[in-house]
Amino acid sequence: MTETASGVRARSLSLRKLPSLVRHPLDALVEAGNTANGEIVRLGVGSTGPYLVTSPDHLETVLHNPERYVREGLLWNGVRRAVGEAILVTEGPIWKSSRDVLRPLFTPARVNTMTDRMAEAIGDAVDGLDEPARRGLVVDGPTELARIVCQATMRVLFGDRISVPDAVRMVDAFGVIATEMIPRIVVPWAPNWLPLPGDRAFAAAVATLDEIVLPIIRSVRQAPDGGDDIISALCAPRDIEGDEVTEKQIRDDVVAMVSTSTETTIAVLSWLWPVLAAHPEVADRLYAEIDRVVDGTQVRRARVPELRYTRMVLDELLRLWPAGWFIPRMAVGDEVLGGTRIEAGSTILVSPYVTHRMRAFWSRPDDFDPERFDPDGPKPDPYYSYFPFGGGQHRCLGQYLFAVEAPLIIATLLGRFRPELVGPADFTPRMGASLRPATEAKLVFRPVRAVAA
Ligand code: HEM
């Protein structure tokens, strides 16, 4: 810690003291957070590194002052190459126009009206596992989850305008984009005309997205049919500061909404497989609850509140592997945050992953323990010690939807099958737009009735 002429602290922590940032970046960030014990740390050497902000009160300042801490900088520029000025990445009037259009589609009242349709779509998708389960075949975990989540999401949010196979192609394209944009983030000074590794795959993935969504947007704009889906809402005539909304603007939002409504849910649920394999006591309690609540093959809306332990498990999955693990900001002007001077233009690293694993805020932070989220127990305190859905004006629009959709998927799957993980449970996260296990799960789904017999 050094004291500046103005008396403002300027703490910096060289990553040379920490595990290699390159080989284990997430471990290194958590260790930096723990070492600083909630104080702000400048990462790396010299005067250009980003600031790691982990303490709940500092996070509240950053997230609740969006005009001072904006979504600008390397990561956001990378994402913008794929989704332009969509709600997920932008600020100002463009962001507000999209948020105003989309917000009514995600209110609890609205989501509740979709629940039974969503349960039906999930049930239809889970039917696809009957045959491999009957034959004892090994299936690919991420592929099956993508299929189930896409079927549920396309039906209730996109009015089946995007087919499930096309939605799955889009999910694959998002995976390519998240990986292939990294060279340009790492070498930001490279001009666009200079080809970098990954550019071609990135461009091909963006072309796939356009090929799927543009014809749909054009036909909905030409012949609106009054649908209550996301694409219809975004296509309805509106202006942004006097200019008519453009096709490009609609395309950016549609692509971003398909991406965020699928990838996040797939990523969080993909941690369930290693957790069930490594924690039989959690698996047994979950199965007991689901067997009690799911009678027959479909979960109905009225029974969702009874999936209490299922929600505790989900909350704990979101603590340890929050899909939105990294939500950086850029300081617009000079700031003093928690006694630390932050220069205009600096990057602020905000990471639910890091804060959720810090010893200052959580006991036994690395243990998987759903009891932390017992609804009769205390709530996470302070508030921003647990923020998987962000906060402030950019707080996630899909939080309530996820809270209904994810228990429905788990209850439908586990009400019919007992998944067996082939190979060891691997808890190493692979960084991308979200966090998924580095090892893609291979599973055998055993039919519950056969298990019980
Ligand atoms: C586990 C599931 C999810 C997680 C962990 C998650 C996490 C987040 C986080 C951390 C943010 C804040 C971004 C920021 O502050 O810059 C966010 C924003 C957003 N999320 Fe989610 N999300 C999830 C699911 C969903 C779903 C299912 C949808 C839509 C169907 C959705 C739509 C959005 C939108 C539109 C925003 C941007 C809000 C804005 O900037 O105004 N999310 N999400």
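Helix axes are here lines fitted to C-alpha atoms over the stretch in contact, and the angles between them run from 0 to 180 degrees between N-to-C directions. In the predicted model, α14 and α15 pack on this basis at an angle of about 140°, with their axes 8 Å apart. Since angles over 145 degrees would count as roughly antiparallel and those from 65 to 115 as roughly perpendicular, α14 and α15 are therefore oblique to each other. The contact is formed by Val282, Arg285, Leu286, Glu289 and Ile290 on the side of α14, and by Arg308, Tyr309, Thr310 and Val313 on the side of α15. Sorted by class, the residues in the contact of α14 with α15 comprise 5 nonpolar, 1 polar and 3 charged.

Helix α14, which spans residues 280-293, also packs against helix α17, residues 399-416, at an angle of about 90° and with the axes 9 Å apart. This angle makes α14 roughly perpendicular to α17. From α14 the contact draws on Leu286, Tyr287, Ile290 and Asp291, while α17 supplies Ile410, Ala411, Leu414 and Gly415. In terms of class, the contact of α14 with α17 contains 6 nonpolar, 1 polar and 1 charged residues.

Threonine 310 belongs to helix α15, which covers residues 308-320. When residues up to four places away in sequence are not counted, threonine 310 touches Leu286, Glu289 and Ile290, together with Pro407 and Ile410. Of these partners, Leu286, Glu289 and Ile290 are listed for α14 in its contact with α15, and Ile410 is listed for α17 in its contact with α14. The relative accessible area of threonine 310 is 0%, so this residue is buried.

Aromatic side chains were examined next. A search of the whole structure returns 12 aromatic pairs. Among them, tryptophan 362 and phenylalanine 373 form a tilted pair, with 6.1 Å from centre to centre and 45° between the planes. Both residues are placed in the loop between α16 (352-356) and α17, so the pair ties together parts that are 11 residues apart in sequence. Tryptophan 362 counts as buried, its relative accessibility being 9%, and phenylalanine 373 likewise counts as buried at 9% relative accessibility. Elsewhere, ring pairs link Trp271, Trp321, Phe368 and Phe427 into a cluster.

Arginine side chains are also found over aromatic rings. Arginine 418 lies over the face of tyrosine 287, at 4.0 Å from the ring centre, and tyrosine 287 is itself one of the α14 residues in the contact with α17. Arginine 81 lies over the face of phenylalanine 202, likewise at 4.0 Å from the ring centre.

Helix α8, residues 164-180, contains arginine 169, and aspartate 166 lies in this helix as well. Arginine 169 has a relative accessible area of 34% and is partly exposed, while aspartate 166 counts as partly exposed at 24% relative accessibility. Leaving aside neighbours within four places in sequence, arginine 169 is in contact with Thr208, Glu211 and Ile212. Arginine 169 and leucine 209, which are 40 residues apart in sequence, are 8.3 Å apart in space when taken from C-alpha to C-alpha. For aspartate 166 and leucine 318, which are 152 residues apart along the chain, the C-alpha atoms are separated by 28 Å.

Several features of the backbone complete the description. Most residues other than glycine have a negative phi, and most peptide bonds are trans. The peptide bond from aspartate 381 to proline 382, however, is cis, with omega near 0°, and proline 382 is found in the loop between α16 and α17. Asparagine 37 has a positive phi, near 50°, and lies in the loop between α1 (25-36) and β4 (41-43), where it counts as exposed at 53% relative accessibility. Glutamate 241 also has a positive phi near 50° and is located in the loop between β8 (239-240) and β9 (243-244). With a relative accessible area of 66%, glutamate 241 is exposed.

Definitions and conventions
Residues numbered from 1 in each chain as written. Predicted model: local features only at pLDDT ≥ 70, side-chain atom pairs only at ≥ 80, totals over all residues. Heavy atoms only, no water. Helix = DSSP H or I, 4+ residues; strand = E, 2+ residues; numbered from the N terminus. Buried < 20%, exposed > 50% of the residue type's maximum accessible area, 1.4 Å probe, protein only. Contact = heavy atoms within 4.5 Å. Parallel < 35°, antiparallel > 145°, perpendicular 65-115°, else oblique. Nonpolar A, V, L, I, M, F, W, Y, C, P; charged D, E, K, R; others polar. Phe/Tyr/Trp six-rings, centres within 6.5 Å; stacked < 30°, edge-to-face > 60°. Lys NZ or Arg CZ within 6 Å of the ring centre and 35° of its normal.
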